[in-house]
Amino acid sequence: MIAVPATGWLGDSGRAHAAGSAAAATLVVAKDGSGQYTTVQAAVNAVPANNSSAVTISVKPGTYRETVKIPSNKPHIRLVGSTGNKSDVTIVYNNASGTPKPGGGTYGTSGSATVAVEADDFQARHLQFVNDFNEANTSITDKQAVALRTAADKIVLDNIGAVGDQDTLLLDSASKTTVGRVYVNNSVIQGNVDFVFGRASAVINKSTIRLVKRYDGSSGGYVAAPSTAAGKKGFLFIDSTISGDVTNRSFYLGRPWHAGGDASLDPQTVVRNTNLSAAVKTTPWTDMSGFSWKDDRFAEYKNTGAGSGAASGDRPQLTDAQAADYEIADWLAGWQPS
């Protein structure tokens, strides 16, 4: 196990650029026209394909109602809110899984994302990603609505917000056989049903997991829905807080998502050293689509708060010896952002 610093996280390519080249190019986005671009997507489009050095897209305060896609051939992008306050910069849209596409069909869950990141070595800081689809819309049946989707490796999300209801934050990898490592730090993630989901090997560190009610005022849901491939790491929540203005004992910590009914998957979520409010059920894991959570990898370690509980058959706890292999560095598997 490698000791990892608690602060100062940058992509390791960032370390190389700092040592071996001049300051990275910066593109400025401003709604009022005071920058080079008025939309975030226009700045992304201006980044050269297959760029080999870091490019910072600095976004001035404002609400940017648009969808953004960072394609796989544009790595090393740093998307940064210019003020350092994540609430000053919001990228928002309202597509849902069942929203009709202009060319026919619907977007589907992954296609509903307000921001989609498919390029390696991406970093986002000091801004928030929002999907404000209204679940009360009765014309749309499939209401999953993603705020941010990542499907790449070496992703850093620091001091960001991911705000939505169902399926807010999709942390994925490019394919089932590839690794998608994600480090989320000092951030706020909000939702109600499966709102941290996907097959990435993701650390959620020192963050607030905010539970919210459904559009009809009902309270109940699931934090995590991992679809981890066998032999890979899933989700690690560490030194965080899970709470919200919801009914006591109404939320599960997670359930196993065997995407497409794939029985070969081995979903994993570990919640450790985290404060759990009374909103968390006393039996915090549950089955999904005919797959038992007990056949997959779900556990806790030294959680606190009214929602925490002792070890039982319904509440597996890591031993101290096991917990030594469930640290941030173990999840990042050799990637050591400096």
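This note goes through the sheets, salt bridges and backbone details of a predicted model.

1. Basis. The model is predicted, so local features need pLDDT of at least 70, side-chain atom pairs count only at pLDDT 80 or more, and totals for chains, interfaces and linings use all residues. Residues are numbered from 1 along each chain as its sequence is written, and side-chain values use heavy atoms, with hydrogens and water left out.

2. UniProt, in an unreviewed entry, lists residues 27-312 as "domain: Pectinesterase catalytic". UniProt positions follow the numbering used here, feature names are shortened, and annotations may be inferred rather than shown by experiment. Over residues 27-312 the chain is 4% helix and 38% strand. The end C-alpha atoms of that stretch are 53 Å apart. Helices (H or I, at least four residues) and strands (E, at least two) are DSSP runs, numbered from the N terminus.

3. The seven-stranded sheet. An open sheet holds 7 strands in the order β4-β7-β9-β11-β14-β17-β20. The pairing is parallel. Two strands pair if DSSP finds at least two bridges between them. The edge strands, β4 (68-70) and β20 (251-254), each pair on one side only. From one strand to the next, the twist averages 10°. Axes here are lines fitted to C-alpha atoms, for helices over the stretch in contact, and angles run from 0 to 180 degrees between N-to-C directions.

4. The β20 end. Strand β17 (residues 221-226) is joined to β20 by 3 bridges, and the two run parallel. Look for Gly221 opposite Phe251 in β20.

5. Strand β13. This strand covers residues 188-191. Val188 and Gln190 point one way, Ile189 and Gly191 the other, and all are buried. Buried means under 20% relative accessible area, exposed over 50%, and partly exposed in between (1.4 Å probe, protein chains only). β10 is joined to β13 by 3 bridges in parallel, with Val163 opposite Gln190. β13 also pairs in the parallel sense with strand β16 (residues 208-211), over 4 bridges. There, Gly191 has Leu211 as its bridge partner.

6. Strand β23. Of the 5 residues of β23 (residues 297-301), 4 are buried, so the strand is largely enclosed by the rest of the structure. Strand β21 (residues 268-272) runs parallel to β23, joined by 5 bridges. Gln268 stands opposite Arg297 in this pairing. Arg297 is partly exposed, with a relative accessible area of 24%.

7. Salt bridges. Side chains of opposite charge can pair when their charged atoms come close. A salt bridge is a side-chain nitrogen of Lys or Arg within 4 Å of a carboxyl oxygen of Asp or Glu. The count comes to 15 salt bridges.

- Glu118 pairs with Arg149, the closest N and O atoms being 2.8 Å apart. Glu118 lies in the loop between β7 (115-117) and β8 (122-131) and Arg149 in strand β9 (residues 148-151), so the pair ties together parts that are 31 residues apart in sequence. Glu118 is partly exposed at 22% relative accessibility, while Arg149 is buried at 14%. Lys69 joins Glu118 and Arg149 in a network of salt bridges.
- Asp153 and Arg181 meet at 2.7 Å, N to O. Asp153 sits in the loop between β9 and β10 (155-163), and Arg181 in strand β12 (residues 181-185), 28 residues apart. Asp153 and Arg181 are buried.
- Arg297 and Asp266 meet at 3.1 Å, N to O. Arg297 lies in β23 and Asp266 in the loop between β20 and β21, so the pair ties together parts 31 residues apart in sequence.

8. Asp330. Asp330 lies in helix α5 (residues 328-332). The Asp330 side chain reaches the backbone nitrogen of Glu327 at 2.9 Å.

9. Positive phi. Most residues other than glycine have a negative phi. Asn50 has a positive phi of about 60°. Asn50 lies in the loop between α2 (40-46) and β2 (55-59) and is exposed, at 59% relative accessibility. Asp239 has a positive phi near 55°. Asp239 is found in the loop between β18 (235-238) and β19 (241-244) and is partly exposed, at 39% relative accessibility.

Key. A polar contact is a pair of N or O atoms within 3.5 Å; within protein, one must be able to donate a hydrogen and the other to accept it, and residues adjacent in sequence count only if both atoms are side-chain atoms.
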